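I opened this entry to keep track of what I looked up, one topic at a time. I began with the fold of a chain, then went on to a helix, a contact and some charged pairs.

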Amino acid sequence: MIMKIENLKFVYNPNTPFEQKALDNINLEIKEGEFIGLIGHTGSGKSTLVQHLNGLLKPTSGNIIIDGVNITEKDADLKAIRQKVGLVFQYPEHQLFEETIYKDIAFGPKNLGLKEDEVRERVKEAMELVGLNYEELKDRSPFELSGGQKRRVAIAGVLAMKPKILILDEPTAGLDPRGRDEILGEIQQLYEKEKITIILVSHSMEDIAKLVNRILVMHRGKIVIDGETREVFKKSKELEELGLGVPQITKFMMKLKERDKNIKDTVLTVEEAKVEILQYLRRKKNA
Amino acid sequence: MLKDITIGQYFPGNTLIHKLDPRVKIIITALFIVSLFFIKSFIPYLFIVAFILLVAKVAKIPIKYILKGIRPLMFIILITFLINIFMTKGEVLFEIGPLSVTKEGLYLAVFMALRLLFLITGTSLLTLTTSPISLTDGIEKLLSPFKKIGLPAHELAMMMTIALRFIPTLLEETDKIMKAQMARGADFESGNILSRAKNLVPLLVPLFINAFRRAEELATAMEARCYRGGDNRTRLNELKLNKTDIISLVSMFIFFGLIISSRYLLR
């Protein structure tokens, strides 16, 4: 168990006219090596929840235990927690500030107090992980890059801290379809290569369906659905009531199933759908 | 922390005070400030308190909310209080070490602290009951006679509107970038002044870059809608003084006139 959340509650601006309940009694256990999709509408509490996981926000009540350490305690070592739990914010490219890409990515490791050699090693590694050429780019200004490249630099800045848990808050927001696919592909590779625990926050089912192996659905500060990806998509009615829906291809297969019960509708990608439809046609021919 | 700042914040409402012409409110506030500096004894202060309470009551703004606005300025009030109490010469009441408290000093300190307090609460009533847009509209209108001598009234007002509009955005952005850098191990809370200032670089650089980017986008968006400054520009809602405005203005002139003249009458 790498992360355990018990009865987590959070209220914004308590005791003022602007009081707002953001998290309502969250209970959650996350195992090491899980790839989780956290999904929900704007204002459902996703961002508030992930900011609790590395101690940026203090819960109103409840406990968060990460790797055996209760981070809600007063004397918790926040730097150690933030090293362990890497958080990539929405539009992370807006946080870039250094003159060179190298220096910007090195900001995190340097704050950890690492030696220059180790820092260099980590920057190099992090840049490779997100598909940036180290030799070619390290001395260039991050502000000369394109939007997608900037975002990679920002993600590398968090990866260079070698977190055990990586949280990405809407990493594809505002990117074109190609940029989106590239970033998601890199996250997928990262998961396979580094075997770290990843939490991917999104409001798009399409994005996370093919990547994650567990989905958490948030609604009004509560986790309303929690389960294995395919299991979650079986509850398409519930999801639709929450205004989330299932990926288009899953929906398509569900419609097909309405016509013929012999077809499987638990598919997540177009590839899987192709295989299933071909098999279905073959079965039909043989029958 | 940053969200606690209530100075200059608008408290939405639909009361008589909210609906008053912004020009009238600005003039009344100016009168209020001037008369505060004419007051020389405590009795007129009672009328000032009554005035503030009455306006707050009619505008349905909780007194607590107004007082919250004082908090960031408490330090200035305290300093003024201490300087006055210790630096005024006169009949010595008691001594603390090398410092002596005089009767005149105590009187003056309380008096000055109250003046500052009223200054803040009174002027915050203006911003609390007037939306930034109508406030700048009012300023523009009040300044427009000076256009003849080359004062760019419209441009000034537009700059103010934009500045006010972006205060909450900037605060939000500061909060976000701070958190993002803290997630990368940045430390904004410890160290001496020098290292603290240095630690602000990762916050300030992105903040400035984003502010410039946003300014450029806004300028483009305005130009795309053919904005070209104040000449011959008409507006959707022309400010017009109605009966309530004139009655308020006249009665306030009388009220503050009496307060000002009390300086000479109450001797």
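Entry 1, chain B. I read the order of elements along the sequence of chain B and wrote it down as α-α-α-α-α-β-β-α-α-α-α-α-α. That gives 11 helices and 2 strands in chain B. I note here that the model is a predicted one. I also looked up the extent of the C-alpha trace of chain B, which spans about 65 × 60 × 40 Å along its principal axes.

I asked what span its 31 residues should have. Helix H8 of chain B covers residues 153–183, and at 1.5 Å a residue it should span 45 Å; the end C-alpha atoms are 45 Å apart, so the two values agree. I then looked along H8(B) for a bend and found a kink of about 35° at Ile167(B). Past the helix I checked Gly185(B), which follows H8(B) and has a positive phi, near 90°.

How many residues does each chain bring to the contact? I found 23 residues from chain A and 18 residues from chain B. Between them the two chains bury about 1900 Å², and 61% of this lies on carbon and sulfur atoms. Of the area that chain A buries against chain B, 30% is supplied by His94(A), Gln95(A) and Phe97(A), more than by any other three residues.

I counted 5 residue pairs in polar contact between chain A and chain B, both residues being at pLDDT 80 or more. The count of salt bridges between chain A and chain B is 1. Asp104(A) forms a salt bridge with Arg184(B), with the closest N and O atoms 3.1 Å apart.

I then sorted the side of chain A that touches chain B. Helices H2 (78–84), H3 (101–111) and H6 (147–159) of chain A each supply at least two residues of that side. H3(A) gives the largest share, 4 residues. By class, I listed 12 nonpolar, 8 polar and 3 charged residues on that side of chain A.

My search over all chains found 30 salt bridges. I looked up one of them, in which Asp67(A) pairs with Lys164(A), the closest N and O atoms being 2.8 Å apart. Which parts of the chain does this pair link? Asp67(A) sits in the loop between strands E4 (61–66) and E5 (69–70) of chain A. Lys164(A) sits in the loop between H6 and strand E7 (165–169) of chain A, so named as a distant part, 97 residues apart from Asp67(A).

Definitions and conventions
Residues are numbered from 1 along each chain as its sequence is written. Chains are lettered from A and ligands numbered from 1 in the order in which they are written. This is a predicted model: local features need pLDDT of at least 70, side-chain atom pairs count only at pLDDT 80 or more; totals for chains, interfaces and linings use all residues. Side-chain values use heavy atoms; hydrogens and water are left out. The expected span of a helix is 1.5 Å times one less than its number of residues. The bend at a residue is the angle between axes fitted to the seven residues ending there and the seven starting there. Contact means heavy atoms within 4.5 Å. Buried area is the accessible area (1.4 Å probe) that two parts lose on being put together, summed over both. A salt bridge is a side-chain nitrogen of Lys or Arg within 4 Å of a carboxyl oxygen of Asp or Glu. A polar contact is a pair of N or O atoms within 3.5 Å; within protein, one must be able to donate a hydrogen and the other to accept it, and residues adjacent in sequence count only if both atoms are side-chain atoms. Ala, Val, Leu, Ile, Met, Phe, Trp, Tyr, Cys and Pro count as nonpolar, Asp, Glu, Lys and Arg as charged, and the others, Gly among them, as polar.
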